[in-house]
Amino acid sequence: MTQSAAGVMDAVLHPEKPVPPSGPAWGAVISLSLGTFGLVTAEFLPVSLLTPLARDLGISEGEGAAGQAMTATAIVGAISAPTVAIITKRLDRRTVMWTMTLLLILSDVLAAGAWSLAVLLTARVVLGIALGGFWSMSAALAMRLVPSHLLPRAMSIILTGVSVATVCAAPIGAYVGDIWGWRSAFMLAAAGAAATLLVQLITIPRLPPIGVASFRSLLDVAKIPMVKIALLVVLLVASGHFAGITYIRTFLEKIPALDVETISLVLLAFGIGGFFGNLAGGLLAEYSLKAVAALAPLLIAIAAVSLLTAGASALASAIAVAAWGFAFGAVPVGLQTWMVRRAVPEQAQSAGVLLVTVFQVAIAAGAIFGGLLVENAGITSAIAYSAVATFVAALIVFVLGPKRET
């Protein structure tokens, strides 16, 4: 039996025995990255499989099955972030993470076997619980798995799963769905999540709760001045990003008038840009957290303005969208690290809960507000809001952001 496997067996037989990680637990960090990959892949699969999914379930694509699935996941994620943290406040953190991965597997299996829209939405609700619970604890766990000066690097590794899923999930889902059927794509995702659970069982050390989460603790953390500023920045950046990027395909179809194949390449460039932005954000945050938190939204604003002023050019639009993806890839690293560092270790999870909740609310608000702008004032108005919101966020960080690096 390997040392890691022996550790798992000892944890099962002697749950009262503390097993703190010795040195940076990079294996556990990588297992959390695998978790983010599985969660984001599951979240976006309905979009790439909409046509065959809608046909099999007898749903009109016009009924917005994919949209309903995405909205259900986001709403439940916002609610479950604080709820899961409070319900599980006495449990070992690794047990909670294992449970969230189990829920991810259950969601994928339910979706694969769905025979109606109601069953599909049930699967998405289960996924929302897993998303909210996982994201609310990931930064706090990273803080305990590695030394403080390595936290940005750990967060970058964890969030790499998001970037890879953003690049791969849609094309792989569409390809697998076309060859073996859309249900096989969800089953493949379930198999990947099962492998992730196995890695997590082996690598995540025992992590007893060090702070009791409650609504009072959330309010206490929310009262910290720098946390208030960070949450305002999160609201502006996330709403600005999703107000514009949700309708970027419509923009590319209407303004530079790109064909479907070219649009696909541009969106792939967006995803690849996000991957490298995530890596760059993690490296830069080790030297200047304020720079990451400010420069990322500023680059989004510049990209949005470029689309508005030079968007008729196919090349200019492609470069702007890729730059947008690069910038947003760095956003979660900077904001999550900022949030958990503004709180004492016992409050790190509460800070993560607040971040996830506000981020999910901002996603919904941004998409809805962007839709209203597009419907009433045209596609460019949504891009303009993205530019304004992200520029204001960057300005706030420059003026009111952290004064020293910690």
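Good morning. H5 gives the largest share of the lining of the second largest cavity, namely 3 residues. Helices here are DSSP runs of H or I with at least four residues, numbered from the N terminus, strands being runs of E with at least two. The model is predicted, with pLDDT of at least 70 needed for local features and 80 or more for side-chain atom pairs, while totals for chains, interfaces and linings use all residues. Residue numbers start from 1 along each chain as its sequence is written, and side-chain values use heavy atoms, without hydrogens and water.

Let me stay with this cavity. Gly35, Leu39, Met100, Thr101, Leu104, Ala130 and Phe134 form its lining. At least two of the lining residues come from each of helix H2 (26-48), helix H5 (93-112) and helix H6 (117-145). By class, the lining has 5 nonpolar, 2 polar and no charged residues. Nonpolar means Ala, Val, Leu, Ile, Met, Phe, Trp, Tyr, Cys and Pro; charged means Asp, Glu, Lys and Arg; the others, Gly among them, are polar. The volume of the second largest cavity is about 30 Å³.

A cavity is a set of points, on a 1 Å grid over the protein atoms alone, where a 1.4 Å probe fits but cannot get out, and its lining residues have an atom within 4 Å of a point. Points are joined across faces, edges and corners, and the volume is the space filled by probe spheres set on them.

How does H5 pack against H6? The two helices meet at an angle of about 155°, and their axes are 8 Å apart. Axes are lines fitted to C-alpha atoms over the stretch in contact, and angles run from 0 to 180 degrees between N-to-C directions. H5 and H6 are therefore roughly antiparallel, a term for angles over 145 degrees. Their crossing is left-handed, the near helix being turned anticlockwise from the far one by less than a right angle. Among the contact residues are Met100 and Leu104 of H5, together with Ala130 and Phe134 of H6; contact means heavy atoms within 4.5 Å. This contact comprises 18 nonpolar, 2 polar and 2 charged residues.

H5 also packs against helix H8 (residues 182-203), at about 165° and with the axes 8 Å apart. H5 and H8 are therefore roughly antiparallel as well, and the crossing is left-handed. On the H5 side, Thr101 and Leu104 are among the residues that meet H8, whose partners include Trp182, Phe186 and Gln200. The classes in this contact are 17 nonpolar, 3 polar and 2 charged.

I turn now to the largest cavity. How many cavities of 30 Å³ or more does the whole structure hold? The search finds 2, and the largest has about 40 Å³ of space. Helix H10 (225-245), helix H13 (289-310) and helix H14 (314-342) each contribute at least two residues to its lining. Val233, Val237, Ala293, Pro297 and Gly334 are among the lining residues, which comprise 9 nonpolar, 1 polar and no charged.

Finally, H10 packs with helix H16 (residues 379-400) at about 160°, their axes being 7 Å apart. H10 and H16 are therefore roughly antiparallel, with a left-handed crossing. Val233 and Val237 are among the H10 residues that meet H16, where Tyr385 and Ala389 are among the partners. Thank you.

Terms used
1 Å grid on protein atoms, 1.4 Å probe; cavity = no way out; pocket = protein on both sides within 12 Å on 5 of 7 lines; lining within 4 Å. Parallel < 35°, antiparallel > 145°, perpendicular 65-115°, else oblique.
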